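I opened a new notebook page for this structure. My plan is to look up one thing at a time and write down what I find.

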Amino acid sequence: MQLRRNFHSLAFVAAAAFSLVSASAFAAYAVPPANLLKVLKAPPPPVPSVDPTGQYLLLTTSQTYPSIDRVAQPYLKLAGVRLEPKNRSRHDTTGGYGIPACVNDFTLVDITSGKETRVQLPAGACPGMALWSPDGQHFAFQNVVTDSIELWIGDAATGRVRKVPGIALNQIFGSTVQWLDGSKSLLVKRVPEHQGPPPSDSNAPSGPDIQESLGGKGESSTYEARDTLTSALDEQRFVYYGTSQLALVEADSGAVHDVGKPAIYNDVNGAPDGVHVLTEAIKPPYSHAVTYQRFAHDVAVLDVGRNTSTPIASLPLADRVPVQGVPEGPINFDWRATEPATLVWSEALDKGDWNVEVPARDRVMMLKAPFTAKPTEIARTKQRFAGYAWSPKPDLAFLYEIDENRHWLTTRIVDIDKPGDTGRVLWDMSSDELYKNPGDFVLRVLPNGARVVRMDGDAVFLHGDGASTKGDRPFLDRLNVRSLTAERLFRSGVDDYDQFLGFAGEQGKYLTWHQSVMDPPNAFVHVLGDHTTDTVAGEAQYTSSGHQLTRVADPTPEVRQIKKRLVTYKRADGLDLSFTLYTPPGYKEGTRVPAVLYAYPADFASSAQAGQVSGSQQTFTRLPYYRLMLLAGYAIIDDASFPIVGDPKTAYDTYLDQLTADAKAAVDKAVDLGVVDRNRIGVTGHSHGALMTANLIAHTDLFRAGVATSGSYNKTLTPFGFQNERRSVWQARDVYLKASPFFFADKIKLPLLLVHGEDDANPGTEPIQSQKLFQAIRGNGGTARLVMLPHEPHWYTALESNEQVVAEMLNWFDRYVKNAAPLKAASANH
């Protein structure tokens, strides 16, 4: 089960134990024990995707880990993008956290008959995720080869795929491929023909790299500076590799037609009419302080029929945006789904700065084709505009606005053709709220490709996690938007985890993705209204057995011997907390075993939401890297709640106190259960969790040792904010110092293993963070080990690197936790 869900627990898994050397050295990668290696290499569950018409289900299985040879491919750092120049593929995901995974398998499932068709991919293929056509008859995907990125189109009925000849895609800024004009064609970014050779590196600089500030206060978050440009050559490469030619590809014939002129296109977005395309084209000046998202750019609408472009806005370099703020000028462009070609966007009325007090923070503007008239103001929002969810009805839309100062989200039912009408409030609640969260709208794709809220008369459908004090139980609801009354259609049972996938093509049928502790995820087909309504422990149940559609097998049966349970408890101040306790295979109740605590602190504006349970203990058990310790006899105190509660403007004033209280409550509860040996507990965390780990090792005696991966340990190196801290180091110097274990390295006497990727570009967790903390601990006589993983970013991608991580972790915890000397003797040594 994952409680206090976060994506940090999903990125890498590894294994093994080996003898460690005491001095710095280069060594071969460790080879893990066979039982851990088998689980490490096990394929992940497929990712399901229902086509827009509900006729087919596509199961996509991706590569678990590429080899270090793949990860070590040369790349360029271009203003926040890592690009491999030989084929123009992205060397990182859009978040910058690792090599994009190759798809190993596409399997098509006919939802009505259950027939499965495995797509025959070309030998050595490295496809990306597939993109369904609006009519569900085709799917498109990108395929990375040695010297280019190909475009492929598949037929849903037969599973046959074909390459579109003469196309080399440009992935650099995303939005590379999208369906346009319904399902007739694809709009793509291609590498311009006859572009010539790339800029050459003469190795001799033409001059110094100079930046200057001529006054004028303006903060710029450290988190906007990742792999920024550093030279004139960088700028030339940015232009060369960033330039794309837009083209239309006919789905049936594969014919290719260029549209518009080559430019450095960032985002492109087709209108519902299939004729107009919103383009955002980057232009000089190219800042060396921030990434491409803040560069100057022109917004225009391209008419692909006439091959003409109409300017909408010219936006300057936005390199001084307030922390947690937004740029001034038009932003958040979107097409209105119920009209052929109508643009909607927002503009800040507070200079993009949440510190400014104003009656309304944003205004929302609208402009219809042919885009030559003056735009119309259609709404003002008291807080920051967060977008629309469009219904298929022209007079019905859902407007979101969010107050980050209070972590508050308001949703209104509006008619945007009545400017100034504030509409009706649908939901007004904390954005951290889990138990009362109404869920998300179920969407559907119109034949023209526009996405709208699915409606049945006056009713919309909602699906959500269904968080409760006993864990998540996903649901499907129908909500009448006139009466605001809701009807529950389905809710996952108490002994499994059943998540809504989408509606099937047949009337009244829908699909769920079902799993349990013992059963791997598989698709089930249900009939609306065909459910059992019971009351268990005073709570209504809405369950449906359905029938199983897919047959995904369990790749690691040995993992089923692991037991897990949800544990709830309280912090010393009365705040409700929780964790999942995993016990190793063969565990006997009443036996105390060594344990590892994993957590990732989360920020909350109110204690009312901080103690809420998320995740489910009924999910199919898988083993991220730290959970592999279970196979070595450890218990895992997993996803322990570590809330940092308070006004977002000042919450980190009490960061260390709350961190310590969170840890003490978790440890005490695990010990009280009779499972964990208090004298043999380790702690680990990644990124912000690594900061937690180092601080707990420095400031408490709750643990025997720690393993911190890819952390940030000196917060003065991120002087304009970190996590939810919005003040600069000059405004809250003590907060930055107290949150930084680097300044308490003389107190770190317990063993601390530091692991970091040498190519970590995540702002704030640059490799120097671990290197400097290790030097500080070493210089003060502490026990530490530093492992720098070659070619790895913030998350570790290569199989060899992941093997190394758990090898290191297992040996470290075995040495300093499981097999450590009795506590008094160990303390005497310090």
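Which residue forms a salt bridge with D573? I looked it up and found R571, with the closest N and O atoms 2.8 Å apart. I note here that the model is predicted.

**Entry: the D573 pair**

I checked how open each partner is. D573 has 53% relative accessibility, so I count D573 as exposed, the cut-off being over 50%. R571 has a relative accessible area of 7%, so R571 is buried, the cut-off being under 20%. I wrote down a general point beside this: side chains of opposite charge can pair when their charged atoms come close.

**Entry: other salt bridges**

I looked up the total next. The structure holds 39 salt bridges. I followed some of them.

I went to K38 and E558. Their side chains meet in a salt bridge, at 3.2 Å from N to O. This pair links distant parts of the chain, 520 residues apart. I found K38 in helix α1, residues 34-41. E558 sits in the loop between β39 (547-548) and β40 (563-570). K38 is partly exposed, at a relative accessible area of 42%. E558 also counts as partly exposed, at 24% relative accessibility.

I then turned to D653. Which residue is its salt-bridge partner? I found R727, the closest N and O atoms being 2.7 Å apart. I asked of R727: buried or exposed? R727 is buried, with a relative accessible area of 18%. D653 counts as partly exposed, at 43%.

I also found a network of salt bridges. R336, E339, K368 and D417 are linked in it.

**Entry: helices α5 and α6**

The last pair had brought me to α5, and I stayed there. Helix α5 covers residues 655-672, and helix α6 covers residues 688-699. At what angle do their axes cross? I read roughly 85°, and the axes come within 10 Å. Angles of 65 to 115 degrees count as roughly perpendicular, so α5 and α6 are roughly perpendicular to each other.

I listed the residues that meet. From α5 I have Y655, L656, L659, T660 and A663. From α6 I have L691, M692, N695, L696 and H699. I sorted this contact by class: 7 residues are nonpolar, 3 are polar and none is charged.

**Entry: an open sheet**

I moved to the strands. In what order do the 4 strands of this open sheet run? I found β8-β9-β10-β11, with antiparallel pairing. The edge strands are β8 (131-132) and β11 (161-163), and each pairs on one side only. I looked at β8 and its partner β9, residues 138-144. These two strands pair in the antiparallel sense over 2 bridges. W132 stands opposite F139 in β9.

**Entry: G449**

My last stop was a glycine. Where is G449 placed? I found G449 in the loop between β28 (443-445) and β29 (451-453). G449 is partly exposed, with a relative accessible area of 33%. I then checked G449 against A271. The two are 178 residues apart along the chain, and their C-alpha atoms are separated by 8.8 Å.

Notes. Residues numbered from 1 in each chain as written. Predicted model: local features only at pLDDT ≥ 70, side-chain atom pairs only at ≥ 80, totals over all residues. Heavy atoms only, no water. Axes fitted to C-alpha atoms, helices over the stretch in contact; angles between N-to-C directions. Parallel < 35°, antiparallel > 145°, perpendicular 65-115°, else oblique. Contact = heavy atoms within 4.5 Å. Nonpolar A, V, L, I, M, F, W, Y, C, P; charged D, E, K, R; others polar. Buried < 20%, exposed > 50% of the residue type's maximum accessible area, 1.4 Å probe, protein only. Pairing = 2+ DSSP bridges. Salt bridge = Lys/Arg side-chain N within 4 Å of Asp/Glu carboxyl O.
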